[in-house]
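Trainee: I have a new model open and would like to walk through it with you. Could you take me through some of its side chains and helices?

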Amino acid sequence: MKKLSKMNEAAWLFGMIFCAMGVALCTKANFGLSMIAAPAYIIHKFAISFFPWYSQGTSEYIWQTVLLIIMCIIVKRFKPKYLLTFACAIIFGLAVDTSLYLLGGGAPYESMIARIIAFAVGEIITTVAIALYFRTSLPLCVYELVVSEISQRYGHNIGKVKQANDIIMFAISVLLALLLNRSFDGIGIGTVVITVVNAPLISLFGKLLDKICDFSPRFPKLVDFAKI
């Protein structure tokens, strides 16, 4: 079978769309978000009582900005092209808000069947999105950049850095939930399921994508300019 050619830029675009829709669907399912998406959601639930305009998408890019600053402190450097990742965070936040709007708002589905379907579909397309992200040369969301930059800066295995990052993010999620909202809203059985199945699904979809797509760039100059 002939592969789809020059899918680098398309991988970034579809990764952004699928990831945002996946977060929105898991939010609607209300079984708990991933340890990566949970902190922004928890902060959103707290802040919206004081600032009605503080949407989940807004919380996403503000939280990612905080993580970007922390990452710069850890790696002891700042690259101007990190600002492209900040721009990606804003685009992702807008995509999350748009996805929630298209799904009828941020309120959870009432039907258990609808919640289960939303969670399953949300998790699947999110792992597809991450697999796509790993194959593009364009700027990633801050979540992926943190893992990549720390592993490169200190020569650590990227898998171990990702695992440590997930544990830290889970601890932060629990702490924020208890301190800000005094509940585990945003964390639940879904968080556990996502933690268990994410890595195998990302690996599976990555292998499938490699069989059907060629991820070379269609616009090499654009990719070279945007590469961090």
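**Rings, helices and cores**

Mentor: One place to begin is the aromatic cluster formed by F51, W53 and Y54. Please keep in mind that this is a predicted model, where local features need pLDDT of at least 70 and side-chain atom pairs count only at pLDDT 80 or more, while totals for chains, interfaces and linings use all residues. Residues are numbered from 1 along each chain as its sequence is written, and side-chain values use heavy atoms, with hydrogens and water left out.

Trainee: How many aromatic pairs does the structure hold?

Mentor: There are six aromatic pairs, where rings of Phe, Tyr and Trp (its six-membered ring) pair if their centres lie within 6.5 Å, and planes under 30 degrees apart count as stacked, over 60 as edge-to-face and the rest as tilted. One of them joins F31 and F119, edge-to-face, at 6.0 Å centre to centre and with 90 degrees between the planes.

Trainee: What does the pair of F31 and F119 tie together?

Mentor: F31 lies in the loop between α1 (8-29) and α2 (38-47), whereas F119 is in helix α5 (residues 112-133), so the pair links parts that are 88 residues apart in sequence. Helices here are DSSP runs (H or I, at least four residues), numbered from the N terminus as strands (E, at least two) are.

Trainee: Is F31 buried or exposed?

Mentor: F31 counts as buried, at 18% relative accessibility, and F119 is buried too, at 11%. Buried means under 20% relative accessible area, exposed over 50%, and partly exposed in between (1.4 Å probe, protein chains only).

Trainee: Which residue lies over the face of F31?

Mentor: That is R115, at 4.3 Å from the ring centre. The charged end of K28 likewise sits over the ring of Y109, 4.7 Å from its centre; the rule is that NZ of Lys or CZ of Arg is within 6 Å of the ring centre and within 35 degrees of the ring normal.

Trainee: Switching to R218, where is it?

Mentor: R218 is in the loop between α8 (189-212) and α9 (220-226), and with a relative accessible area of 45% it is partly exposed. R218 and N8 are 210 residues apart in sequence, yet 6.9 Å apart in space, C-alpha to C-alpha.

Trainee: And which residues is R218 in contact with, leaving aside its neighbours within four places in sequence?

Mentor: Those are S5, K6 and E9, where contact means heavy atoms within 4.5 Å. The side chain of R218 also reaches the backbone oxygen of S5 at 3.3 Å.

Trainee: What is the phi of K6?

Mentor: Phi of K6 is near 50 degrees, a positive value in a residue other than glycine. Most residues other than glycine have a negative phi.

Trainee: How many residues of α1 are buried?

Mentor: 16 of the 22 residues of α1 are buried, so this helix is largely enclosed by the rest of the structure.

Trainee: Which residues touch the most other members of the largest nonpolar core?

Mentor: M71 and F92 do, in a core of 55 residues, where such a core is a set of buried Ala, Val, Leu, Ile, Met, Phe, Trp, Tyr and Cys residues joined through side-chain atoms within 4.5 Å. The largest share of this core, nine residues, comes from α1. A second, separate core of eleven residues includes V128, I202, L209 and C213.

Conventions. A polar contact is a pair of N or O atoms within 3.5 Å; within protein, one must be able to donate a hydrogen and the other to accept it, and residues adjacent in sequence count only if both atoms are side-chain atoms.
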